[in-house]
Amino acid sequence: MRVELPDRPGSLGQVARTLGVVGADIVSVIVLERSQGRAVDDFTVVWPASALVGRILVGLGAVPGVRVVGVWRCTELPAPIGRDVALLGQVAADAGRGLATLVDGIPGLVAADWAAVTSVDPAWAGAPASAPLTVRYASWGAPLAPAIPDIAPLRPRAVTSADGTHYVAVPLQKAGLVLVAARGGPDGPGRTSAADGAIAPPFHASEVDRMGQLVNAAVLVLGDHLAPTEIVEAA
């Protein structure tokens, strides 16, 4: 649950008390942003089936200055930044499968539904890809044929497709490879439903930066293993 709240003493406590009243148990809190007297926090919470999302939204909406930015299901507990180093260690331990390891680990780090590494035309820089994207490897939970937008970024960036799926794309700057993570939309295990009041938010700038730093470090670790012949093909 992504919540925007006043950055002052007591605000976080009010949100926590409200969640407790409606039966939600807070598992973790990650601060995404603090700026100009406002804060944006991600709360990972567990609540009983009887506690409808709508009731939780109404309760938080009654707290002065609090705005719920998004509510979505995650497949695992979002990881603190310290686990980025552990993932890089796993990538380095078996560089031959390092890219697959990176892709499999990304969703848990940024509360995404799935991730994939795609290949675009080598002349992709600065312009839309001239040929369809090729999915070279996809994580668990990815659709059989991911409908990834025509992405050819020069730097990490977030985009939202016409069907409401939010993406973050990070270029690897090698072999035309781009790592993509997705959240929300009609596909994936964490898909949301307007019927229960859930809505997945776009990727926050801090999440985009985090993925960019992680991918840059992984590229240095993998080196020549990023050659196209070394990529694990998607199942």
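Predicted model: local features only at pLDDT ≥ 70, side-chain atom pairs only at ≥ 80, totals over all residues.
Reader: Where are helix 4 and helix 5, and at what angle do they cross?
Author: Helix 4 covers residues 98-110 and helix 5 covers residues 205-222; helices here are DSSP runs of H or I, at least four residues long, numbered from the N terminus. Their axes come within 11 Å and cross at roughly 160° (axes are lines fitted to C-alpha atoms over the stretch in contact, and angles run from 0 to 180 degrees between N-to-C directions). Helix 4 and helix 5 are therefore roughly antiparallel to each other, a term for angles over 145 degrees.

Reader: Which residues meet there?
Author: From helix 4, G98, L99, L102, I106, L109 and V110 meet E207, R210, M211, L214, A218 and L222 of helix 5, where contact means heavy atoms within 4.5 Å. The contact of helix 4 with helix 5 has nine nonpolar, one polar and two charged residues (Ala, Val, Leu, Ile, Met, Phe, Trp, Tyr, Cys and Pro count as nonpolar, Asp, Glu, Lys and Arg as charged, and the others, Gly among them, as polar).

Reader: And how does helix 3 pack with helix 4?
Author: Helix 3, residues 83-93, packs with helix 4 at an angle of about 160°, and their axes are 9 Å apart. That makes helix 3 roughly antiparallel to helix 4. The crossing of helix 3 with helix 4 is right-handed.

Reader: What residues does helix 3 bring to helix 4?
Author: Helix 3 brings R83, D84, L87, Q90 and V91, which meet G98, T101, L102, G105, I106 and L109 in helix 4. In the contact of helix 3 with helix 4, five residues are nonpolar, four polar and two charged.

Reader: Changing topic, what is the angle between helix 1 and helix 2?
Author: Helix 1 and helix 2, the latter spanning residues 53-61, pack at about 145°, with axes 9 Å apart. Helix 1 passes helix 2 in a right-handed crossing.

Reader: Which residues make that contact, and how do they divide by class?
Author: V15, T18, L19 and V21 of helix 1 meet R55, I56, G59 and L60 of helix 2. The contact of helix 1 with helix 2 divides into five nonpolar, two polar and one charged residue.

Key:
Residues numbered from 1 in each chain as written. Heavy atoms only, no water. Helix = DSSP H or I, 4+ residues; strand = E, 2+ residues; numbered from the N terminus. Parallel < 35°, antiparallel > 145°, perpendicular 65-115°, else oblique. Left-handed = near helix turned anticlockwise from the far one by under 90°.
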